[in-house]
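Please look over the sequence and the model below. The paragraphs that follow lead through the charged and aromatic side-chain contacts.

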Amino acid sequence: MMSLTGIHGESWDAVLAAITLLSQRELEVFGLLGEGASNRTISSVLAISERTAKAHVAQILAKLDVESRLQAGIVAFAWEVVTHNGDARALPSWRSVPRCGPAAVVRP
C-alpha cells in the first residue's frame, strides 16, 4: 500500500483520481472522515449502522489504497481544499451532503 508520508506530484494525483471510484455513499462517508468523524458519528449522521459505516470505511481504504482512516481523512481534507481552489478536476464535493445529527453541531 502507498504511504502518504512525503507524498507529492503524481502520487497525490493518483490518490485524488481514485476518489472517482467511490460510490455516492462512500463519498459521504469519505467527507466525514475528512472531518475526523468516528464510525459512531458517521452512522448517526447518515442513519446507518456502525457496522455499515465500518464496511464503507474499509471499502474507501481499499479503493484509495491507503492504510488507515487517518490517511483517508487527510486525502479527504486535501481533496476539499483542491476542489474549493478551482482545480480542474470535476469531482463532486461531499459538502453538498445535507447534515443532521451530532456532526452538524460542530460545523462552522
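A salt bridge here is a side-chain nitrogen of Lys or Arg within 4 Å of a carboxyl oxygen of Asp or Glu. Side chains of opposite charge can pair when their charged atoms come close. The model is predicted, so local features need pLDDT of at least 70 and side-chain atom pairs count only at pLDDT 80 or more, while totals for chains, interfaces and linings use all residues. Residues are numbered from 1 along each chain as its sequence is written, and side-chain values use heavy atoms, with hydrogens and water left out.

By the salt-bridge rule, the count is three. One of them joins Glu 50 and Arg 40, whose closest N and O atoms are 3.3 Å apart. Glu 50 sits in helix H4 and Arg 40 in helix H3 (residues 39–46), so this pair ties together parts 10 residues apart in sequence. Helices in this account are DSSP runs (H or I, at least four residues), numbered from the N terminus. How exposed are the two partners, Glu 50 and Arg 40? The terms rest on relative accessible area: buried is under 20%, exposed is over 50%, and partly exposed is in between (1.4 Å probe, protein chains only). Glu 50, at 38%, counts as partly exposed, and Arg 40, at 58%, counts as exposed.

Another salt bridge is formed by the side chains of Lys 63 and Glu 26, with 2.7 Å from N to O. This pair links distant parts of the chain, since Lys 63 belongs to helix H4 (residues 50–64) and Glu 26 to helix H2, 37 residues apart. Lys 63 is partly exposed, with a relative accessible area of 28%, whereas Glu 26 is buried at 5%.

Arg 25 is partly exposed at 30% relative accessibility, and Glu 28 is buried at 13%.

The structure also holds one aromatic pair. Phe 30 and Trp 79 form it, with 5.3 Å centre to centre and 40 degrees between the planes, which makes the pair tilted. Rings of Phe, Tyr and Trp (its six-membered ring) pair if their centres lie within 6.5 Å; planes under 30 degrees apart count as stacked, over 60 as edge-to-face, and the rest as tilted. Phe 30 lies in helix H2 (residues 24–34) and Trp 79 in helix H5 (residues 69–84), so the pair links distant parts of the chain, 49 residues apart. Phe 30 is buried, with a relative accessible area of 0%, and Trp 79 is buried at 0%.

Key:
Helices (H or I, at least four residues) and strands (E, at least two) are DSSP runs, numbered from the N terminus.
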